[in-house]
Amino acid sequence: MNKNCLLCGVGGQGVILASKLIAYAAMEKGMSVRTSETIGMAQRGGSVVSHVRIGEKTYSPMIPKGSADVLLAFEPAEAVRSLPYLKAGKEEGCVIVNRKAVQPVTAALGGKGYDGREMLDFLESRTQRLYVVDGEAICRKAGSAKTLNMALLGAAAASNALGISIEEMERQIRSRMKPQYQDMNLKALELGAEALLAL
């Protein structure tokens, strides 16, 4: 089984941790994994992209354009920016995107509004397998705005597009996170899975 997952968002959303948990879960199953990150001005809300490649005969950590099985997007504009990586045609990949937009610094300075609606409409017009998740609502229920990455991981696991189950993700949270953070992250994971299944 070969799977390519591209995760994208902005600095501070937990993109890198999410990619590491996917990689750890795959390695625990005995799979070969390669990862790579591109972090541009991440601390200032810049783009963060992480490539996770699972399976044999994966010689490069970078996902070639047109070959991502899953696009896990923490922000609508970042999803649009990364869309060329998604598999097209009969085996089209799936896009799981957080509904809430993060206004880029350039838009804020220019006084322009940005709520992500145009980006979500664009995604809907370009892909058949689009799942829009209300990450903000899930984070409120989980008790922390910092659980968005777990909410999206839960949605990805529930989609079956990654070949990694909710139970396998739960094991990674329990073994790799400090005990005081586990409950809220496990809750977010579960709520993210429920949200996707309800779509």
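**Close-up views of helix packing and selected residues**

**View 1. Charged side chains over tyrosine rings.** R176 lies over the face of Y24, at 3.6 Å from the ring centre, and the charged end of K65 sits over the ring of Y85, 5.8 Å from its centre; a charge sits over a ring if NZ of Lys or CZ of Arg is within 6 Å of the ring centre and within 35 degrees of the ring normal. The model is predicted, with local features requiring pLDDT of at least 70 and side-chain atom pairs counted only at pLDDT 80 or more, whereas totals for chains, interfaces and linings use all residues. Residues are numbered from 1 along each chain as its sequence is written, and side-chain values use heavy atoms, with hydrogens and water left out.

**View 2. The crossing of α1 and α7.** Helix α1 (residues 15-28) and α7 have axes that come within 9 Å and cross at roughly 110°, where axes are lines fitted to C-alpha atoms, for helices over the stretch in contact, and angles run from 0 to 180 degrees between N-to-C directions. The two helices α1 and α7 are therefore roughly perpendicular to each other (angles of 65 to 115 degrees count as roughly perpendicular, under 35 as roughly parallel, over 145 as roughly antiparallel and the rest as oblique). On the α1 side the contact is made by L21, I22, Y24, A25 and E28, and on the α7 side by E168, M169, R171, Q172, I173 and R176, contact meaning heavy atoms within 4.5 Å. These residues divide into six nonpolar, one polar and four charged (Ala, Val, Leu, Ile, Met, Phe, Trp, Tyr, Cys and Pro count as nonpolar, Asp, Glu, Lys and Arg as charged, and the others, Gly among them, as polar). Helices (H or I, at least four residues) and strands (E, at least two) are DSSP runs, numbered from the N terminus.

**View 3. The pairing of α6 with α7.** Helix α6 (residues 148-159) packs with helix α7 (residues 166-176) at an angle of about 150°, their axes being 9 Å apart, and α6 and α7 are therefore roughly antiparallel to each other. M150, L153, G154 and A157 of α6 meet I166, M169 and I173 of α7 in this contact, whose residues divide into six nonpolar, one polar and no charged. In the loop between α6 and α7 lies N160, a residue other than glycine with a positive phi near 65°; N160 is exposed, with a relative accessible area of 62% (exposed means over 50%, buried under 20% and partly exposed in between, with a 1.4 Å probe and protein chains only).

View 4. E170 lies in helix α7 and counts as partly exposed at 22% relative accessibility. Leaving aside residues up to four places away in sequence, E170 touches L186 and L189, while the C-alpha atoms of E170 and M150, 20 residues apart along the chain, are separated by 9.8 Å.

**View 5. The buried residues of α5.** In helix α5 (residues 135-142), G135, A137, I138, C139 and A142 are buried, and the buried residues of α5 pack against β5 (94-98), β6 (130-133), α6 and α8 (179-198). Just after α5, G143 takes a positive phi of about 100°.
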